[in-house]
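Hi,

Here is the structure I said I would pass on to you. Have a look at it first, and then read my notes below.

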Amino acid sequence: MCIRDSRYDDLLHVRYDLQCNGFLIPPLSLITLVEHAVNSVIARNMENGEIRIATSQDDLCNHISVAYSTKPGERIDKAELYKENPELQEIRGKLEQYCRGAMEILPESDRVVLAVYVPLRSSEG
């Protein structure tokens, strides 16, 4: 997935930490999360904004996270973020419906993490 564009070299840096793969999520979910992150960083007009895409696995779930920079001290309201970005709520519903997964928004001091949890196939049933 190539999301860097020369127009955004000063605004956007992408980091990957992919520890696992081979799990299924609803179609276009990851693209939508990354697109939201890119648009959020660019809208803040920040220099050195960062997006981090990571995957990992524990005994119960695969974890996918898309984290993006916010301005220092910026307060992010989860309910407002869902309201302003209905595609995030739609992904949440699709994850529950298609793979018994979940998504949550985790605002931190200098970034927002869109965290996706997908149960391992062996634990589904």
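**Two helices side by side**

Helix 1 and helix 3 pack at an angle of about 150 degrees, and their axes lie 10 Å apart. Axes here are lines fitted to C-alpha atoms, for helices over the stretch in contact, and angles run from 0 to 180 degrees between N-to-C directions. Helices (H or I, at least four residues) and strands (E, at least two) are DSSP runs, numbered from the N terminus.

Before you go further: this is a predicted model, where local features need pLDDT of at least 70 and side-chain atom pairs count only at pLDDT 80 or more, while totals for chains, interfaces and linings use all residues. Residues are numbered from 1 along each chain as its sequence is written, and side-chain values use heavy atoms, with hydrogens and water left out.

Back to the pair. Helix 1 and helix 3 are roughly antiparallel to each other, because angles under 35 degrees count as roughly parallel, over 145 as roughly antiparallel, 65 to 115 as roughly perpendicular and the rest as oblique. Where do helix 1 and helix 3 meet? On the helix 1 side you'll find S29, T32, L33 and H36, and on the helix 3 side E87, L88 and I91. Contact means heavy atoms within 4.5 Å.

Now for the strands: 5 of them form an open sheet in the order 1-2-3-5-4, with mixed pairing. Two strands pair if DSSP finds at least two bridges between them. At the edges sit strand 1 (12–18) and strand 4 (102–107), each of which pairs on one side only. On average, neighbouring strands of this sheet are turned by 15 degrees against each other, direction ignored.

With strand 2 (residues 49–57) it pairs in the antiparallel sense over 7 bridges, and a hairpin of 3 residues joins strand 2 to strand 3.

Helix 1 (residues 29–43) lies across strands 1, 2, 3, 4 and 5, at about 20 degrees to strand 3. Helix 3 (residues 86–99) lies across strand 4 and strand 5, at about 145 degrees to strand 4.

**What is covered up**

Is strand 3 (residues 61–69) mostly covered or uncovered? Mostly covered: 9 of its 9 residues are buried. Buried means under 20% relative accessible area, exposed over 50%, and partly exposed in between (1.4 Å probe, protein chains only). C61, H63, S65, A67 and S69 point one way from strand 3, while N62, I64, V66 and Y68 point the other way. S65, for example, has a relative accessible area of 17%. Its contacts, leaving aside neighbours within four places in sequence, are R52, I53, A54, V113 and L114.

The largest nonpolar core has 27 residues, and those with the most contacts inside it are L33, I51, Y68, L88 and M103. Helix 1 gives the most to this core, with 5 residues. A nonpolar core is a set of buried Ala, Val, Leu, Ile, Met, Phe, Trp, Tyr and Cys residues joined through side-chain atoms within 4.5 Å.

Cheers
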